[in-house]
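Dear colleague,

Please find the structure below, handed over for your study.

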Amino acid sequence: MTAGAVLALGALLHAQPDRDDAASADLVVRGLLLRFGIPADEAARICSLELPDLDVVDTIIG
């Protein structure tokens, strides 16, 4: 289900390049979290978090 949602989001953003990609991604993620059993308020909270700094993650995993 997740892979299909990512592919569909990619196709949507490709077809509509002016679309807000961050907002669209948040909607898809929120929908997936709900289907995986996460309560709506928690899904909304998770989607509002900032993404981690990938340079820091690379340093930790390194």
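Leaving aside its neighbours within four places in sequence, which residues is Ser24 in contact with? Ser24 is in contact with Leu9, Leu13 and Arg19, where contact means heavy atoms within 4.5 Å.

Before the details, a note on the source. This is a predicted model, in which local features need pLDDT of at least 70 and side-chain atom pairs count only at pLDDT 80 or more, while totals for chains, interfaces and linings use all residues. Residues are numbered from 1 along each chain as its sequence is written, and side-chain values use heavy atoms, with hydrogens and water left out.

The chain as a whole

The chain has four helices and zero strands, and its elements run α-α-α-α from the N terminus on. Helices (H or I, at least four residues) and strands (E, at least two) are DSSP runs, numbered from the N terminus. The radius of gyration of the chain is 14 Å, whereas a compact globule of 62 residues would have one near 11 Å. This radius is taken over C-alpha atoms, and the globule rule is 2.2 Å times the number of residues to the power 0.38. Of the 62 residues, 13% count as buried; buried means under 20% relative accessible area, exposed over 50%, and partly exposed in between (1.4 Å probe, protein chains only).

Helix H2

Helix H2 covers residues 21-35, and its 15 residues should span 21 Å at 1.5 Å a residue. The expected span is 1.5 Å times one less than the number of residues. The end C-alpha atoms of H2 are 21 Å apart, which agrees. Asp20 caps the N-terminal end of H2, with a side-chain oxygen 3.2 Å from the backbone nitrogen of Ala22. After H2 comes Gly37, whose phi is positive, near 95°.

The buried residues in H2 are Ser24, Gly31, Leu32 and Leu33. Their cover includes helix H1 (2-15) and helix H3 (40-48).

Ser24 and Leu13

Why does Ser24 count as buried? Ser24 has a relative accessible area of 7%, so it is buried. Leu13, one of its contacts, lies in helix H1. Leu13 counts as partly exposed because its relative accessibility is 24%. Not counting residues up to four places away in sequence, Leu13 touches Arg19, Asp21 and Ser24. The C-alpha atoms of Leu13 and Ala25 are separated by 9.5 Å, and these residues are twelve apart along the chain.

Yours sincerely

Note on methods: A polar contact is a pair of N or O atoms within 3.5 Å; within protein, one must be able to donate a hydrogen and the other to accept it, and residues adjacent in sequence count only if both atoms are side-chain atoms.
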